[in-house]
Amino acid sequence: MRLIPSTPLSCLGTAVAAVVIGGFVLVGCDVVDLDLDMNLSSGDGSESPDEEASASPDPGEEEAEEQEDSSYGLPESCEAAGAAQIVGDLAPGTVLTEESGEIDGVDDAEQLSCTYSDGNTDPGTASFTLLFTSGADPSADPDVIQVPGSEAEMNWEVDVDVDVDTYHTEESDDLDGDLEYVGTVDGSSRHLYLQLPGDFHVTAIVFNDDVERGDLERVVLQAAGQIRN
């Protein structure tokens, strides 16, 4: 078994991503847009009109940013998020494992994880997780998604084939969100990420169970609407 580092991977058609054995944690792919300022100084020490304007941001823009940051809030608990009602019959069992708090290694980030199963913690057990993440992108960091019951000695990363699809729907546009689907080719793992304003994400994660993408969309969209301020 070949160990690989957790680095961003290319998404061309069927991609190759890192997962955690026993937990099957997938790493998605992000594109970083670098905005480089190539303006050259004239050398006379004077500031250009653009520089003076940038020093005094528009109060309206600041207010808009504050409103965007406050559009969604991390729920206090799975019950407060209405997770049981939202997941419904898609849950493979009635046992709830709830975890919340800060994310190790990610500054100013926290999450709430609601995992439903039959209570079995053996590898290969079916589970459905509804994950709320603030201040971090769970599709880009395998440490953000931690599956309860996975064995520590099994947390090795291996190469697997996954399908990746980033897209929009009318419902996601109404929430100002972007959808990203990442699923293993063999169907053992499915992730649907809903990226929302203010660096907030709602994720539906299915392991070892047959759940349609449309059902995952319904879950993340309904969950986002539930916690929208």
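## Paired strands

Two strands pair if DSSP finds at least two bridges between them. Strand S2 and strand S3 meet that test, with eight bridges joining them. This is a predicted model. S2 covers residues 95-102, and S2 and S3 run antiparallel.

How much of S3 is covered? Seven of its eight residues are buried, so S3 is mostly covered.

## The disulfide

The structure holds one disulfide. It joins Cys78 to Cys114, with an S to S distance of 2.0 Å. Cys78 lies in helix H3 (residues 78-81) and Cys114 in strand S3 (residues 110-117), so the bond ties together parts that are 36 residues apart in sequence.

Which hand does this disulfide have? The torsion about the S-S bond of Cys78 and Cys114 is about -105 degrees, so the disulfide is left-handed. Both Cys78 and Cys114 are buried.

## The nonpolar core

In soluble globular proteins, nonpolar side chains tend to be buried together. In this model, the largest nonpolar core has 33 residues. Phe128, Phe132 and Val202 have the most contacts inside this core.

Several elements give two or more residues to the core. Among the helices are H3, H4 (83-87) and H6 (213-227). Among the strands are S3, S4 (127-134), S6 (178-184), S7 (189-196) and S8. Which element gives the most? H6 does, with seven residues.

## A buried histidine

His201 lies in strand S8, which spans residues 200-207. Is His201 buried or exposed? The relative accessible area of His201 is 2%. The cut-off for buried is under 20%, so His201 counts as buried.

The side chain of His201 has polar partners. It reaches the backbone oxygen of Ala136 at 3.1 Å. A polar contact of 3.5 Å also joins the side chains of His201 and Asp137.

Other residues touch His201 too. Leaving out residues up to four places away in sequence, its contacts include Leu131, Phe132, Thr133 and Pro138. Leu194 and Gln195 are also among them.

Notes. Residues are numbered from 1 along each chain as its sequence is written. This is a predicted model: local features need pLDDT of at least 70, side-chain atom pairs count only at pLDDT 80 or more; totals for chains, interfaces and linings use all residues. Side-chain values use heavy atoms; hydrogens and water are left out. Helices (H or I, at least four residues) and strands (E, at least two) are DSSP runs, numbered from the N terminus. Buried means under 20% relative accessible area, exposed over 50%, partly exposed in between (1.4 Å probe, protein chains only). A polar contact is a pair of N or O atoms within 3.5 Å; within protein, one must be able to donate a hydrogen and the other to accept it, and residues adjacent in sequence count only if both atoms are side-chain atoms. Contact means heavy atoms within 4.5 Å. A disulfide is a pair of cysteine sulfur atoms within 2.5 Å. A nonpolar core is a set of buried Ala, Val, Leu, Ile, Met, Phe, Trp, Tyr and Cys residues joined through side-chain atoms within 4.5 Å.
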